[in-house]
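Good morning, and thank you for making time for this item. Please bring the sequence and the structure up on the screen, and I shall take you through some local features in turn.

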Amino acid sequence: MHWLESWLLPPECVLTHQPSQDRDIDAKLVAEWPIPTEVCPQCCEPSKDSKICGACLTHPPAFSRTQIGFYFDKELVDLLHGLKYGNKPAYARILAELLAERVDANGIEAIIAVPLYAKRFRDRGFNQAQLIAESLAKILHIPVINQAVFRVKNTPTQTHLNAKQRRQNLKNAFSVDANKFSGLVHVALVDDVMTTGATMQSLAEQIKKKTHIEFIQAWSVAKTK
């Protein structure tokens, strides 16, 4: 049936509207998107020979590994903005498929989406990170844990804040339901875009503080340069 569906309705790139081969995004576009190389495996900031950077050695983050799909650039910006602001939740599946090919999920027992504050969720109608996480979970055959973490502080937009301001902005921003993490040791947090890592850090700190989780990874479709 999948073969028949592909023959009758061949994939079309959602951005160029031209026929594509395997999915709804042109592989030629994706091939040109910059990817993180020569980066610290813990925070994904530039680091020679991909060694743990000095910042992580001095002040280790609460997450043990960061895995990013691409840098926030080119047509990927249009995809992410279409999902987040253009009311195109179907883009989450495409983004999850792309991220699934870029991450090493070995050892990951569960996936948790970075939550939105309740009012922002109501205004938008969905949490883009949750949609990506749900599609990613199906692709990787890893369960996604819902209602495990909550954003309890309505933080202002962080677009124009520096790293220090972002950390302060996110202080005590999350709460955790420890019961949802029972029996787990290694989980991955999923978000759409990562900038300084302050959001992942704040959330990972709370999870480690409230649960017996030992290893947390930070996964994101894109990272700003």
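Predicted model: local features only at pLDDT ≥ 70, side-chain atom pairs only at ≥ 80, totals over all residues.

Lys-74 counts as partly exposed, because its relative accessibility is 43%. Lys-74 belongs to helix α4, and its phi is near 50°, a positive value in a residue other than glycine. As background, most residues other than glycine have a negative phi.

There is a second case to set beside it. Gln-147 has a phi near 55°, again positive and again in a residue other than glycine. Gln-147 sits in the loop between α7 and β3, the latter being residues 149–151. Its relative accessibility is 54%, so Gln-147 counts as exposed.

Let me return to helix α4, residues 74–84. Which residues of α4 are buried? They are Leu-76, Val-77, Leu-79, Leu-80, Gly-82 and Leu-83.

I turn now to the helix pairs. Two packed helices are described by the angle between their axes and the distance between the axes. For α4 and α5, the latter being residues 91–100, the axes come within 9 Å and cross at roughly 135°. That angle makes α4 oblique to α5. The crossing of this pair is left-handed. On the α4 side, the contact is made by Leu-76, Asp-78, Leu-79, Leu-80, Gly-82 and Leu-83. On the α5 side, Tyr-91, Ala-92, Ile-94, Leu-95 and Leu-98 take part. By class, the residues of this contact divide into nine nonpolar, one polar and one charged.

Helix α5 also packs with α7. Here the angle is about 50°, and the axes are 8 Å apart. That makes α5 oblique to α7. What is the handedness of the crossing in which α5 passes α7? The crossing is right-handed. From α5, the contact draws on Ala-92, Arg-93, Leu-95, Ala-96, Glu-97, Leu-99 and Ala-100. From α7, it draws on Leu-131, Ile-132, Ser-135, Leu-136, Ile-139 and Leu-140. These residues divide into ten nonpolar, one polar and two charged.

Leaving aside neighbours within four places in sequence, Val-190 is in contact with Ile-111, Ile-112, Ala-113, Val-114, Ala-129, Ile-132, Ala-133, Leu-136, Met-200 and Trp-219. Val-190 and Trp-219 are 29 residues apart in sequence, and their C-alpha atoms are 4.8 Å apart in space.

Asp-192 also has its place in β5. Is Asp-192 buried or exposed? Asp-192 is buried, because its relative accessible area is 3%. Not counting residues up to four places away in sequence, Asp-192 touches Leu-80, Lys-84, Gln-128, Ala-129, Ile-132, Ser-220, Val-221 and Ala-222.

A loop residue comes next. Ile-108 lies between α5 and β2, the strand of residues 110–113. With a relative accessibility of 8%, Ile-108 counts as buried. Setting aside neighbours within four places in sequence, its contacts are Ile-142, His-186, Val-187, Ala-188, Gln-217 and Trp-219.

How many disulfides does the structure hold? It holds zero. A disulfide is a covalent bond between the sulfur atoms of two cysteines. Cys-43 counts as buried because its relative accessible area is 14%. Cys-56 is likewise buried, with a relative accessible area of 5%.

That concludes the items I wished to present; I am glad to take questions.

Terms used. Residues numbered from 1 in each chain as written. Heavy atoms only, no water. Axes fitted to C-alpha atoms, helices over the stretch in contact; angles between N-to-C directions. Helix = DSSP H or I, 4+ residues; strand = E, 2+ residues; numbered from the N terminus. Parallel < 35°, antiparallel > 145°, perpendicular 65-115°, else oblique. Left-handed = near helix turned anticlockwise from the far one by under 90°. Contact = heavy atoms within 4.5 Å. Nonpolar A, V, L, I, M, F, W, Y, C, P; charged D, E, K, R; others polar. Disulfide = S-S within 2.5 Å. Buried < 20%, exposed > 50% of the residue type's maximum accessible area, 1.4 Å probe, protein only.
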